[in-house]
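Thanks, everyone; I would like to take a few minutes to walk through one chain with you. Please have the sequence and the model open while I talk.

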Amino acid sequence: MKKLILIPALFCLFMLNVASMCSSDDSSSSSADPTPVINTATSGTWKVTSYVSSGTDETNHFTGYNFTFASGNVLTATNGTNTYTGNWSVTSDDSNDDNPSSDLDFNIAFATPTDFADLTDDWDVVSHTATTISLIDVSGGNGGTDILVFTKN
């Protein structure tokens, strides 16, 4: 008879334990810290080593240009003859998804010329090292995927 009482009691304790492990504390914030990416970007000049727009390699549009991510969110691209100025920032992505690559947004904005304006977007940071910043953007309109890679000079 004791076995019949012990088995349901153990089952109840097991279920209570499982239920307590499944609960989560939604008040904690797991936002990614943009500071390391900002520090990396501002630590020198960069070149575009890959820009693929919806499967089309357009890296050649940026050949010879050095990009400087300066304080005050000023972005400069120069090839010695032409200089284009835009804005940049790195922000924590507040969306609540399971995609770790979208925890940080690398925001780029150029008004002109057209090739540089194509870089204007809120890119997801895929990875960054001391010498490489890899970004991706999945278009909401046509569903195309753009990939942008900066390599330190």
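Predicted model: local features only at pLDDT ≥ 70, side-chain atom pairs only at ≥ 80, totals over all residues.

Of the contacts in the chain with a separation of 6 or more, 41% are between residues 24 or more positions apart, where contact means heavy atoms within 4.5 Å. Residues are numbered from 1 along each chain as its sequence is written, and side-chain values use heavy atoms, with hydrogens and water left out.

On confidence, pLDDT being the predictor's confidence in each residue, from 0 to 100, the chain averages 81, and 72% of the residues score at least 70. Residues 3-30 stay under 50, and for that stretch the model has 0 contacts beyond four places in sequence.

Turning to the fold, the chain has 3 helices and 9 strands, which are DSSP runs numbered from the N terminus (helices H or I, at least four residues; strands E, at least two). Along the sequence, the pattern reads α-α-β-β-β-β-β-β-α-β-β-β.

Let me take the pairing around S7, with the convention that two strands pair if DSSP finds at least two bridges between them. Strand S7, residues 121-128, pairs in the antiparallel sense with strand S6, residues 104-109, over 4 bridges, and Phe106 has Trp123 in S7 as its bridge partner. S7 is also joined by 4 bridges to strand S8, residues 132-138, again antiparallel, with Ser127 bridged to Ser134 in S8. S7 and S8 form a hairpin that has 3 residues between them.

Which residues have the most contacts inside the largest nonpolar core? They are Phe67, Phe69, Phe106, Ile108, Leu148 and Phe150, in a core of 25 residues; such a core is a set of buried Ala, Val, Leu, Ile, Met, Phe, Trp, Tyr and Cys residues joined through side-chain atoms within 4.5 Å. Buried here means under 20% relative accessible area, exposed over 50%, and partly exposed in between, with a 1.4 Å probe and protein chains only. By that criterion, buried residues make up 29% of the 153 residues in the chain. Leaving aside neighbours within four places in sequence, Leu148 is in contact with residues including Val48, Ile108, Trp123 and Ser134.

A cis peptide bond, with omega about -15°, joins Thr112 and Pro113, and Pro113 lies in the loop between S6 and helix H3 (114-117). Ser54, in the loop between strand S1 (45-53) and strand S2 (56-57), has a positive phi near 50° although it is a residue other than glycine, and it counts as partly exposed at 42% relative accessibility. Asn73, also not a glycine, has a positive phi of about 60°, and its relative accessible area of 36% makes it partly exposed.
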